[in-house]
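These are my notebook entries on one protein structure. I set down what I looked up, entry by entry.

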Amino acid sequence: MKKNVIISCILAMLSQVVFGQLSEGSKINANTGTGFNTSKAGVFWNSPSPVSNTVGQFYLDSVWHEGNVKFSNVIQQIGGSSTDSLNNILIRYNVLNDQLEVLADKSKNDVRVIDGKHLKNFKVKSSENDISEYVNTGSFHSDKVSAGFFEKLVQGKLSLMKYYRAKTVKPNYNPGFGTGEKNTTVSVESDYYVVLDNKAEKISPGKSCCLRS
């Protein structure tokens, strides 16, 4: 049986999410990186990927914000219990590299990363204490969206998601005229999707859309 769902407007609001607390031991592990067995887990405390001759906007927000992360699988720790999440750490998402950066030690500017493929979701608290949740696109059925994360805008039987992607423009410098850009330029763009029965379909803002199942 086919269902036609028409979106004319979305008025729902995101619910507040209460952030959990880490134990003191876990906070030490999160700040030093000693709690994770990198050789086995292979997901945490890697260094950020270097990007040379590239300029522009790489992040959803370059400012560090407090957040929670949930791994796709349970991560083994050294000298402690295993975990599938970390709470109350400083994070920011690099759209270009699909990496969640973690500020492990602010005084030393020690930045580590979690590759997006190892994350189920992450939540970010804004300076106004609003909570934004980002879910791995791999959690949904769609052949039109690449790896990365959806931001949940409205959640329900019919959900509205926002997908962020990096757009790169190659150098176009002309040495003969001394004009153009010598670096690859990056900008962050977005698309909107609706999700019904775990199926994500791209829509155009300002236009009605129907999902068929």
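This is a predicted model: local features need pLDDT of at least 70, side-chain atom pairs count only at pLDDT 80 or more; totals for chains, interfaces and linings use all residues.

Entry 1, strand S9. I began with S9 (residues 149–154) and found five of its six residues buried, so that the strand is mostly covered. Buried means under 20% relative accessible area, with exposed over 50% and partly exposed in between (1.4 Å probe, protein chains only). Strands (E, at least two residues) and helices (H or I, at least four) are DSSP runs, numbered from the N terminus.

Residues are numbered from 1 along each chain as its sequence is written, and side-chain values use heavy atoms, with hydrogens and water left out.

Entry 3, partners of S9. I looked up strand pairing, for which DSSP must find at least two bridges between two strands. S9 pairs with S8 (residues 131–136) in the antiparallel sense over three bridges; Tyr 134 has Glu 151 in S9 as its bridge partner. Three residues lie between S9 and S10 in their hairpin.

I then asked which residues have the most contacts inside the largest nonpolar core. That core has 18 residues, and the ones in question are Val 69, Phe 71, Ile 91, Leu 100, Leu 119 and Phe 122. A nonpolar core is a set of buried Ala, Val, Leu, Ile, Met, Phe, Trp, Tyr and Cys residues joined through side-chain atoms within 4.5 Å. S3 (65–75), S4 (83–94), S5 (99–105) and S7 (119–125) each supply at least two residues of this core, and S4 gives the largest share, four residues. A second, separate core of nine residues includes Val 145, Met 161, Tyr 163 and Ala 200.

I found S5 largely enclosed by the rest of the structure, because six of its seven residues are buried. S5 pairs antiparallel with S4 over four bridges, and Ile 91 has Val 102 in S5 as its bridge partner. In the S4 and S5 hairpin, with four residues between the strands, Asp 98 takes a positive phi near 50°. S5 and S6 (residues 110–115) pair in the antiparallel sense over six bridges, with Leu 103 opposite Val 111 in S6.

I recorded two helices and 13 strands. Of the 213 residues, 38% count as buried.
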